[in-house]
Amino acid sequence: MTPFDRTRRVTCLGIDTFVAEAGQGRPILFLHGNPDTHDAWSGVVALLKQEFACFAPDLPGYGASESQGDLELEKQSEWVRELIAALGLQRPHLVVHDVGGTYGLAFTAMYPELISKLTILNTNFFPDYRWHFWGRVWRTPVLGDLAMLIAFRALFVNEMTKASPRLPRDYAERAFARFGSKTRKMVLRYYRYLDSERLVGWDVRLLKALDTLPHQVLWGDRDTYIPKATADRFGGEVHHFAELGHWAMLEEPQQLASHLATFARR
């Protein structure tokens with residue numbers, strides 16, 4: 001049962017964007033990763049919506065949102081800026097994960113004054129990162145396309161649970177059901193766009209922005225995609241969860257919601 005009690009569609013950079021919403025109070029904006037939708041935040045939102053207004057869009061190309069043509073980091077940032085404006089949010093607390101981290105951290109680097117706080121979950125924004133196995137496959141022409149064509153449920157679910165041992169299997173099954181051709185094409189385009197050198201300088205700009213922005217990092221250390229040392233590079237309050245993996249918010253929503261609420265109340 002979804003914790004979201006209302007939805008709307010807004011246009012950001014000309015992209016028809018689906019947004020799920022719940023609760024009242026100070027706003028929190030959640031940006032999911034790959035291969036997720038707004039549903040990745042359901043467990044956390046169910047625990048926060050009594051005190052906070054929660055907004056969870058489907059990223060471009062995911063779920064019920066249209067795909068994005070231009071994936072330049074400036075354009076990813078502008079999509080977030082236009083989303084915040086379209087929703088009428090005043091300096092929300094921004095929460096980012098995985099692919100949503102690229103969108104949200106590019107935005108933060110450009111417009112730190114438009115948010116009040118930032119929470120970072122397992123993501124990368126550093127140019128020395130080496131892509132994980134599936135990232136390297138998807139980045140390879142022909143091979144990546146074939147991998148997407150033959151992706152089947154058992155492999156998909158197994159890969160998600162390897163990266164997050166406590167991930168509920170029914171969530172992984174739902175994620176696969178939504179991982180259609182539109183999203184598969186978007187994943188290939190995103191991974192092939194994001195060469196390491198594209199982040200050169202952006203990491204410096206982000207860290208400068210973070211010097212003046214309250215931020216925390218919530219990191220599942222059993223992540224098989226991104227090294228746990230990445231968490232500490234963002235600075236701020238860093239919380240490592242030794243038994244959790246890439247989707248920590250789905251493995252232990254109560255624990256993650258508690259950290260989010262405590263940080264948001266300050």
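**Helix packing and overall fold**

Me: How does H5 pass H8, in a left-handed or a right-handed crossing?
Reply: H5 passes H8 in a right-handed crossing. Keep in mind that this is a predicted model.

Me: Which residues make the contact?
Reply: On H5, they are Gly144, Asp145, Met148 and Leu149. On H8, they are Arg184, Val187, Leu188 and Arg192.

Me: And by class, how many are nonpolar, polar and charged?
Reply: The contact of H5 with H8 has 4 nonpolar residues, 1 polar and 3 charged.

Me: Where do the two helices sit in the chain, and at what angle do they pack?
Reply: H5 covers residues 143-150 and H8 covers residues 181-193. They pack at an angle of about 150 degrees. Their axes are 10 Å apart.

Me: So is that roughly parallel or roughly antiparallel?
Reply: Roughly antiparallel, because of that angle. The cut-off is over 145 degrees.

Me: New topic. How many helices and strands does the chain have?
Reply: There are 12 helices and 8 strands.

Me: What does the radius of gyration say about how compact the chain is?
Reply: The radius of gyration is 17 Å. The globule rule gives 18 Å for 266 residues, and the two values are close, so the chain is as compact as a globular protein of that length.

Me: What does the chain span along its principal axes?
Reply: The C-alpha trace spans about 50 × 40 × 40 Å.

Me: What share of the residues is buried?
Reply: Buried residues make up 57% of the 266.

Me: Last one. Of contacts between residues at least 6 apart in sequence, what share joins residues at least 24 apart?
Reply: That share is 70%.

How values were computed
Residues numbered from 1 in each chain as written. Predicted model: local features only at pLDDT ≥ 70, side-chain atom pairs only at ≥ 80, totals over all residues. Heavy atoms only, no water. Axes fitted to C-alpha atoms, helices over the stretch in contact; angles between N-to-C directions. Helix = DSSP H or I, 4+ residues; strand = E, 2+ residues; numbered from the N terminus. Parallel < 35°, antiparallel > 145°, perpendicular 65-115°, else oblique. Left-handed = near helix turned anticlockwise from the far one by under 90°. Contact = heavy atoms within 4.5 Å. Nonpolar A, V, L, I, M, F, W, Y, C, P; charged D, E, K, R; others polar. Rg over C-alpha atoms; globule rule 2.2 N^0.38 Å. Buried < 20%, exposed > 50% of the residue type's maximum accessible area, 1.4 Å probe, protein only.
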